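Here is a short briefing on how the chains of one model are built and how they meet. Keep the structure open while reading.

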Amino acid sequence: MNAYFLPRDRVDELVGRLLRAAEVIAPKRVETGDVFYSPVSSPGEVAWDYKTAVEPLKRFLLPQQETVLRFSTGEKLRVEPVLEEKDRIFLAVRNCDVTGVNVLDAMFGGEIEDPYYMARRRRATFISLACLEADEQCFCVCGDAGPFLKNGYDQQWTPLAEGMLIEVGSDKGQALADAHQDLLSPAEPDQVAEKLQLAKRAEETFGEFRSYIAAAMRRLTLAETPDEVWERLADHCVECGGCTFLCPTCSCFTVTDRLEGDGGVRERHWDACLYNCYAREASGHNPRAEHSQRLRARFFHKLSHQWAQRNGRHACVGCGRCVVGCQAWAHMSAATEAIRRG
Amino acid sequence: MSNPYLPDIATIQRVKPETYDTTSFTLKFDDPGVWERFRFRPGQFVEISVFGAGEAPFCISSSAHGREDFDITVRRLGRVTQALHAMGEGAQVGVRGPLGNSFPLDEVAGKHVLFVGGGLGLAPLRPQILEVYRQRDKFQSITVLYGARTPDDLIYRDELEQWQNLEGMRCLLTVDVGGDGWTGNVGVVGSLLSEVKFDVGQAVVFVCGPPIMIRFVVRDLVAMGFGEDDIISTLERHMRCGIGKCNHCIHGDKYICLDGPVFTYRQMKAMMELEP
Amino acid sequence: MAEIATICPYCGCGCGLYLHVANSRVVGTAPMRAHPVSRGRLCLKGWHAHELADSPDRLTRPLVRRGDELQEASWEEAVSEVVRGLQGVIERAGPQAVGVLGSARCSNEDNYLLVRFARAVVGTQNIDSGLAAYSLPEQIAAVSDARIADLDDADLIFLVGAEPGEEEPAVGAHIYRALQRGAKLVTASVRRHALARLAALHLPLKPGAEAAALGSLLYELVVERKLAGDADVTDLTAALADLKPAGAEGKTGLAAALVSGAADLWQAAEKVVVVFSSALAASVEGARAVSAMGAFRALGAGPRVAVLGLLGRCNLRGSWDMGVRRGFLPGAPAGDLAAEGRLKAAWGGDFASGEGLPAWEILDQCQALYVMGDDPSRNLPDWAARRARLEQVKFLVVQDLFLSPLAELAHVVLPAASFAEKDGTVTNLEGRVQLVRAAVKAPGEAREDWRIIAELSRAFGKPVSPQSAADVFAEISQAVPAYAGLSHHSLQAAGGAEIGRDGAADALAGAISALRAAEDGAQAAEQFPLLLVADPTLGTWAEEVSVSHLPVAGREFTVTGKDYPDGMLVLNPADGRKNDLRPGRPVEVASAHGAGRMQVKFSPEVPEGIAVTPYHHAARHRIMNIVAEVETGRPVFAPTPVSVGAGK
């Protein structure tokens with residue numbers, strides 16, 4: 001695929017054009033200092049120097065709470081879907097998060113598509129910003145999702161000394177580059193070399209967290225992990241659900257109806273497979289009544305070969321958000337370590 | 001691209017109480033065009049919406065042939081089933097489906113066919129029983145063994161009486177606990193397996209019922225010599241979307257909604273190994 | 001989509017969170033990495049905080065009782081109904097016949113104006129916290145001096161009572177992380193909960209001997225290991241005379257070797273943080289056990305010691321600071337003349353400045369009740385007996401988010417705004433004053449609690465000047481010394497500001513008198529072989545309206561009621577088998593005080609010989625022995641010998 005160079009003094013111009021073309025979601029620093037992927041209204045709002053965002057991109061494609069149907073129960077029952085569609089450009093988002101979207105694509109696409117997810121996904125463009133330095137919690141190298149990617153993005157931007165190296169990864173990304181050729185020049189070999197140098201250096205900045213995904217995958221796939229591992233992990237988990245909500249690829253949801261006037265809406269909400277009642281049946285029977293069973297099911301779904309084959313890859317991108325968000329010590333890094341040690 | 005979450009509207013045609021807590025509902029789509037596309041196979045299920053109360057999955061319990069409506073048989077348990085039980089003829093519900101895989105039919109032609117049902121487990125078997133019976137000349141024999149906790153828990157009682165007198169089908173009943181006026185067998189449904197005289201090497205068995213009953217019956221069937229691929233059952237789990245998106249019904253490496261609800265004993269064993 | 005930085009409305013940790021707002025609706029919750037307590041983490045409740053604001057079950061219009069029915073009414077009608085009802089009682093029986101209960105769920109602004117309304121507008125001194133029987137403001141204020149961040153460089157954490165992983169999860173998170181960096185944990189509790197299983201040493205507490213057990217450890221530290229340093233501990237040593245570990249095992253239930261092991265770990269540490277929970281505070285030895293903690297702080301040698309008392313509700317500490325506490329004015333004990341002067345100036349004249357009745361007596365004696373943001377029925381051990389009395393109250397006003405069981409009995413119900421719909425401040429368990437920000441408009445006609453109170457004050461002919469929550473806070477910063485110099489503006493950074501306590505008592509003196517009075521643990525009897533303990537951390541949120549109405553989180557909390565409709569009785573599996581019981585099945589629980597039916601659960605967390613039930617489940621029955629605590633007079637559950645038999 002093609003690569004271009006965008007001089008530093010033209011970055012804002014290009015961002016301005018994107019803002020006129022679509023809603024732009026970019027890293028934005030809020031008043032507390034935390035960074036969120038959030039709609040921006042001017043190039044100056046983009047926090048180019050951020051390390052990681054509090055949340056992944058999931059919320060934009062699968063909201064924590066969304067209305068899927070509207071119904072009226074008057075004389076005659078009427079039901080209609082509530083679908084939201086708009087063009088969105090996700091700018092300067094991290095490669096782990098773009099990889100997370102690719103995993104969600106496999107889950108929500110396929111033979112039966114989820115129309116709500118796909119309507120948003122089809123109109124989204126992902127421009128990633130490669131990481132030059134890992135954050136404390138990061139282990140994307142273990143998750144095969146960064147800090148630099150070979151593919152999976154529409155465009156991947158790398159901040160070079162004099163401007164952005166823009167790599168195109170899809171037709172959508174190429175079309176975007178074509179539309180703004182006046183600002184771009186073809187990348188020079190020394191610019192590509194500079195990127196490779198930055199990529200190498202970035203890999204040396206990872207901290208204490210890692211994830212033994214290969215070992216965990218093998219043991220989970222063959223159901224070799226003894227029960228004691230899950231029981232011990234259960235003592236290190238308070239079932240807050242934070243790891244699932246912060247995970248770029250966790251996508252469980254539940255559905256509830258809500259009455260409003262002489263009708264109502266059907267909504268879906270994020271759910272967490274770690275919750276006690278997640279699999280509880282109307283009869284009261286709970287096939288995963290034990291906390292340890294729920295942990296086993298979660299990590300099997302995330303890392304086993306069986307599910308990796310269905311989704312095209314395993315479901316950990318190494319963003320480390322579960323490390324930050326864990327109320328105890330049962331995040332991906334701790335869990336794979338426990339599984340590896342047996 | 002149609003929206004798989006958007007239910008079609010159907011109207012309750014008939015409400016037939018089966019037991020003190022279980023009722024069959026006959027549903028017909030308001031738009032006759034839907035039926036053309038619907039055409040379910042035995043073993044499949046539907047998601048039924050009672051708007052305001054929510055949505056829940058139910059197996060289709062009526063014949064897949066010769067009708068333009070279908071039945072579900074519902075035990076009063078949770079929010080949705082309670083709301084359904086409060087509805088009468090003419091009330092409207094939402095229907096999504098048919099969902100899931102189905103029982104094999106052509107694949108098992110030429111065999112002795114055994115059905116073992118417990119309690120409400122007769123409901124998912126019923127379409128298959130009716131279909132196998134309709135095509136009975138393709139099979140060596142048809143046997144239905146059905147048990148419930150008490151005589152009052154037997155569903156489809158009028159039909160059971162017919163089945164017991166049908167030529168080309170053997171139908172035996174039992175209850176765990178007898179009562180006044182019950183002159184039939186007393187004992188768990190597994191006790192009827194001793195009545196099976198055919199060559200199990202030439203047979204296939206469909207088993208549905210409560211998990212505990214399935215566990216014991218399957219153990220007996222294996223002991224009798226049934227092959228692991230010739231024992232076929234349906235599994236249930238808490239379910240939301242019915243199309244492999246919400247993840248609630250995952251068991252091991254399978255979605256019950258998408259890969260099931262029909263599984264062979266060999267598949268079920270593998271799932272249990274991954275997620276006991 | 002906008003991210004509004006605010007504070008979690010549930011437990012006393014005061015975690016930072018963001019509410020996601022889209023199309024004027026709260027549609028999600030995100031954790032706050034920049035927050036000094038929560039640091040990017042939330043618990044199950046916090047993760048679903050948006051569901052509280054968005055719940056379809058919220059009250060949206062005032063309700064006024066007409067005959068047997070609560071009917072929707074305009075604010076005008078409702079306010080004049082409240083004035084008429086309260087005036088009627090005041091005219092007949094005097095203002096002291098009106099009782100007012102404030103709320104740990106409401107903001108400082110809400111609670112402060114409520115206190116002003118009670119004392120200066122209605123003229124009653126009978127104002128207390130809806131959680132009064134459940135907590136110990138005076139004792140906790142005397143001993144708890146630590147910050148949550150103290151856990152981050154502690155090398156020994158001594159956790160007494162229940163488990164913060166269940167009750168105050170954000171504090172639990174600090175403990176889990178301390179364990180990861182090698183800190184040692186010693187736990188002392190009845191249940192061997194998850195953190196106890198990770199502890200270097202677990203001291204199994206004998207129910208009813210909590211203070212004595214602490215005394216035994218203190219004896220080892222003070223007398224045997226001489227860790228008092230230069231401090232004068234003559235009186236303390238005398239108070240501990242009967243608690244020498246080697247001879248006190250019968251009294252405390254703790255083997256001398258365990259006490260010695262704990263003391264070894266203590267001596268090896270450089271910094272110890274003692275953490276106790278509200279479960280301990282609610283126990284029969286609560287006042288004595290909490291006060292005894294004060295002696296740890298008096299140790300002059302050995303490791304540095306800090307004591308952290310946990311509070312299970314969002315603004316419990318702030319509501320106390322505001323004077324929602326018996327015998328306390330905003331910022332000072334009743335009788336403090338300087339405080340009275342300050343408040344007279346701020347409130348425009350005389351007010352009822354006396355000590356007033358505690359909540360349980362308010363419920364018993366007052367003819368009219370005004371209850372803001374709480375259902376005190378849930379927090380009283382003898383609720384079963386009191387409910388009938390509440391039905392006799394001549395005039396009951398409840399302002400809340402939902403139609404709580406208490407609101408169903410009310411004459412007037414006023415719909416309040418949730419945390420997501422109002423500006424204000426809350427003060428967490430360690431004294432961190434933080435800003436809560438309005439993210440959306442309240443549903444229907446619901447209003448901020450403080451605004452409702454301001455409107456009532458006006459209707460009573462005594463208008464208050466503040467026009468906004470920031471104005472109310474400005475008055476608070478004048479009236480309550482610990483809040484001096486703070487303003488909504490100055491609290492904008494994540495984490496707000498940390499404050500000290502007004503009017504805390506002498507910790508060592510309190511410890512000495514508490515230890516002198518420490519009681520022996522309770523014993524089961526032959527006829528009643530199991531000792532039943534009420535645990536306030538178990539299922540504490542299960543029936544709370546603020547979580548039970550949430551679409552996702554509510555499912556997780558209400559399941560206890562579905563599985564254990566008559567109450568949950570947790571037994572060691574061995575005891576269950578011995579009594580031929582099956583999990584989930586009903587059992588008949590009998591004591592010398594009464595009997596009742598519960599459903600049984602097996603858990604190895606509960607030691608043999610002991611049965612545990614959630615506090616709120618015990619309160620539904622008349623099985624347990626309820627005694628009046630000597631120090632406070634509050635009704636508390638005493639560990640009660642019971643028998644269990646298979647129910648029908």
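In chain C, strand 21 (residues 530-535) and strand 25 (residues 610-614) run parallel and are joined by 5 bridges. D535(C) has P614(C) in strand 25 as its bridge partner. The model is a predicted one.

**The open sheet in chain A**
- Chain A has an open sheet of 8 strands with mixed pairing.
- Its strand order is 3-2-6-7-8-9-1-10.
- Strand 3 and strand 10 (185-186) of chain A are the edge strands, and each of them pairs on one side only.
- Strand 1 (residues 3-7) of chain A runs antiparallel to strand 9 (residues 163-168) of chain A, with 5 bridges between the two.
- In strand 9 of chain A, E167(A) is the residue opposite A3(A).
- Helix 6 (residues 171-179) of chain A lies across strand 1, strand 7 (124-129), strand 8 (155-159) and strand 9 of chain A.
- The angle between helix 6 and strand 7 of chain A is about 80°.

**Where chain A meets chain C**
- In this interface, 47 residues of chain A are in contact with 47 residues of chain C.
- About 3,900 Å² is buried between chain A and chain C, and carbon and sulfur atoms give 51% of that area.
- Which three residues supply more than any other three of the area that chain A buries against chain C? They are Q65(A), D235(A) and Q327(A), which supply 17% of that area.
- The rule finds 6 salt bridges across the interface of chain A and chain C.
- R258(A) forms a salt bridge with D54(C), and their closest N and O atoms are 3.2 Å apart.
- There are also 27 residue pairs in polar contact across the interface of chain A and chain C, both residues being at pLDDT 80 or more.
- Several elements of chain A each supply at least two residues of the side that touches chain C, among them strand 3 (35-40), strand 4 (65-72), strand 11 (253-260) and strand 12 (263-270).
- By class, the side of chain A that touches chain C has 20 nonpolar, 15 polar and 12 charged residues.

**Where chain B meets chain A**
- Here 41 residues of chain B are in contact with 46 residues of chain A.
- The area buried between chain B and chain A is about 3,500 Å², and 58% of it comes from carbon and sulfur atoms.
- The count of salt bridges between chain B and chain A is 4.
- R310(A) forms a salt bridge with D259(B), with the closest N and O atoms 2.4 Å apart.
- Polar contacts between chain B and chain A involve 21 residue pairs, both residues at pLDDT 80 or more.
- Elements of chain B that give two or more residues to the side touching chain A include strand 3 (45-50), strand 4 (54-59), strand 6 (92-99) and strand 14 (254-255).
- Helix 6 (256-259) and helix 7 (265-274) of chain B also give two or more residues to that side.
- The side of chain B that touches chain A divides into 19 nonpolar, 11 polar and 11 charged residues.

Conventions: Residues numbered from 1 in each chain as written. Chains lettered and ligands numbered in written order. Predicted model: local features only at pLDDT ≥ 70, side-chain atom pairs only at ≥ 80, totals over all residues. Heavy atoms only, no water. Contact = heavy atoms within 4.5 Å. Buried area = accessible area lost by both parts, 1.4 Å probe. Salt bridge = Lys/Arg side-chain N within 4 Å of Asp/Glu carboxyl O. Polar contact = N/O pair within 3.5 Å; in protein donor to acceptor, adjacent residues only side chain to side chain. Helix = DSSP H or I, 4+ residues; strand = E, 2+ residues; numbered from the N terminus. Nonpolar A, V, L, I, M, F, W, Y, C, P; charged D, E, K, R; others polar. Pairing = 2+ DSSP bridges. Axes fitted to C-alpha atoms, helices over the stretch in contact; angles between N-to-C directions.
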